[in-house]
Amino acid sequence: MADRDEYLTVPEVAQLLRVHRATVWRWIVAGKLPAVRLGDRTLRVRGDDVAGLLRPAATTKRASGVPRQPPAAAPEFGSCWAVLSATGGRGAGMYPPRFDYAVAASLDEAVEQLARYGDDAKVLAGGQSLIPLMKLRFAQPARLVDINRLTDLRYLHEEAEGLRVGALCRHRDVERSEWLRARYPTLAACAPQVADPLVRNLGTLAGSLCHADPQGDWGAVAVALEAQLVARSARGQRTLPATGFFLGPLTTALRPDELVTEVRFPAPKGHAFGTYLKLERKVGDFATVGVAVFVDLQDGRVTRAGIGLAAVGPTYVKARAAESLLVGNALTDALVTEAAIKAAEEADPASDHRGSAHYKRQVVRVFVGRALRQAMAAHAA
Ligand SMILES: Cc1cc2nc3c(=O)[nH]c(=O)nc-3n(C[C@H](O)[C@H](O)[C@H](O)COP(=O)(O)OP(=O)(O)OC[C@H]3O[C@@H](n4cnc5c(N)ncnc54)[C@H](O)[C@@H]3O)c2cc1C
């Protein structure tokens, strides 16, 4: 049992509450859980603040009015067992807090709004992550800048350097693109596995990257393929590599006044193969483990390799050591086995309700091996 005055690390809080480490980070980022850096510079939270996120069982009721059953070995604070309120505690409801709403008529107007309101403003694209966060009071922006009228940003096309995905390209646009399957198979494999059709109709690929949920699917694809994000602000434009974009759960290198206008994926060279394998508890669920794999093969040798992992770390993992094993070599069974083991070692999963860390590591190993063997078979055919 944690003492209320004790300071706990993020993994300790996650273990205590039996939630994912990313969830704890979310609370910290959203200001729900105050965190401090102590002597060794490790981020810690006070036991008392953790207790503040919990409610005594007696006051927590199901919709039917039946009190919840205490979970086995539930975390204890004092003498009462407690469960985490679905709303994050402290009176949040199904409605988001009040906010101002502006519909941008042009890109310039959108970035002008972001420049004016800075940290208080949030871009609204498909709303499939932002609105739920607001309902849970994990995000409380004072102003939403709706970019849905900027229809010029809804595109998906290829140029010499590669694929360009506009900020308003929905998941379903990627899913339905026939030509994309041959040229960008990792994206084509990922799109139908994101959420469910309702979410895919509205949610955007760029929004998913900006949201930076480590369990999201597109982030793994972006780091595997070394995508670039084009960010626009009133100060100008810059390009950010996906490999440096994700700083932590729900945290990116994007500045508050910046809007991502486009995501770019480099063109494949030679014989390209790619896929996205996802383990989910049920259709439409977030990933227990997601693995994005891509290889370019020329004369039987790997010229480029990309392996991105979702849901096995505080942010997306690029399995660089496994990638390096592949580049310059022919894909053999032994090499694939070695690379799969290496990728599993590079994963940093946490045990949670979706599975133990050990189990998730094994899933990474199996999925990377499976994807690379599919590449071998496709190349041989
Ligand atoms: C029921 C449900 C199931 C889901 N399942 C999955 C799943 O299985 N896999 C998965 O990956 N995701 C899943 N999601 C999450 C969702 O698919 C994406 O995170 C979502 O689509 C994000 O895109 P959006 O356009 O809706 O972004 P929004 O919700 O509009 O925005 C998300 C965040 O990104 C910012 N943002 C959006 N666009 C931009 C931009 N162009 N520039 C700068 N900032 C921007 C917003 O300000 C906000 O902070 C699920 C969501 C729901 C509701």
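The model is predicted. Its protein chain holds 15 helices and 20 strands, and 44% of the 381 residues count as buried. Among contacts in the chain with a separation of 6 or more, 64% are between residues 24 or more positions apart.

**Helix α2**

- Helix α2 spans residues 21–29 and is mostly covered, with seven of its nine residues buried.
- The buried residues in α2 are Arg 21, Ala 22, Val 24, Trp 25, Arg 26, Trp 27 and Ile 28.
- Gly 31 follows α2 and has a positive phi, near 80°.

**Shell around the ligand**

- There are 28 residues around the ligand, and those that come nearest are Ala 125, Gly 126, Ala 195, Gly 203 and Gly 207.
- By residue class, the shell around the ligand has 15 nonpolar, 11 polar and two charged residues.
- At least two shell residues come from each of β8 (121–124), α5 (130–135), α10 (205–211) and β16 (259–266).
- The element that gives the most to the shell is α10, which supplies five residues.
- Domain 2 (100–146) and domain 3 (151–266) each contribute at least three residues to the shell around the ligand.

**Largest nonpolar core**

- The largest nonpolar core has 107 residues.
- Within this core, the residues that touch the most other members are Ile 147, Val 221, Val 291, Leu 309, Ala 343, Val 364 and Val 368.
- In soluble globular proteins, nonpolar side chains tend to be buried together.
- With neighbours within four places in sequence left aside, Val 221 contacts Thr 186, Leu 187, Cys 190, Tyr 276, Ala 292 and Gly 308.

**Ala 188 and helix α8**

- Ala 188 lies in helix α8, which covers residues 185–190.
- Ala 188 counts as buried because 21 C-beta neighbours lie inside 10 Å, where the cut-off for a buried residue is 20 or more.
- Not counting residues up to four places away in sequence, Ala 188 touches Leu 180 and Arg 181.
- Ala 188 and Tyr 276 are separated by 88 residues in sequence, and their C-alpha atoms are 8.4 Å apart in space.
- Tyr 276 is also one of the residues in contact with Val 221.

Note on methods: Residues are numbered from 1 along each chain as its sequence is written. This is a predicted model: local features need pLDDT of at least 70, side-chain atom pairs count only at pLDDT 80 or more; totals for chains, interfaces and linings use all residues. A residue is near a molecule or strand if its C-beta atom, placed from the backbone, lies within 6 Å of it. Helices (H or I, at least four residues) and strands (E, at least two) are DSSP runs, numbered from the N terminus. Ala, Val, Leu, Ile, Met, Phe, Trp, Tyr, Cys and Pro count as nonpolar, Asp, Glu, Lys and Arg as charged, and the others, Gly among them, as polar. Domain bounds come from an automatic or database domain assignment. A nonpolar core is a set of buried Ala, Val, Leu, Ile, Met, Phe, Trp, Tyr and Cys residues joined through C-beta atoms within 7 Å. A residue is buried if 20 or more other C-beta atoms lie within 10 Å of its own, exposed if 12 or fewer, and partly exposed in between; C-beta atoms are placed from the backbone. Two residues are in contact if their C-beta atoms, placed from the backbone, lie within 7 Å.
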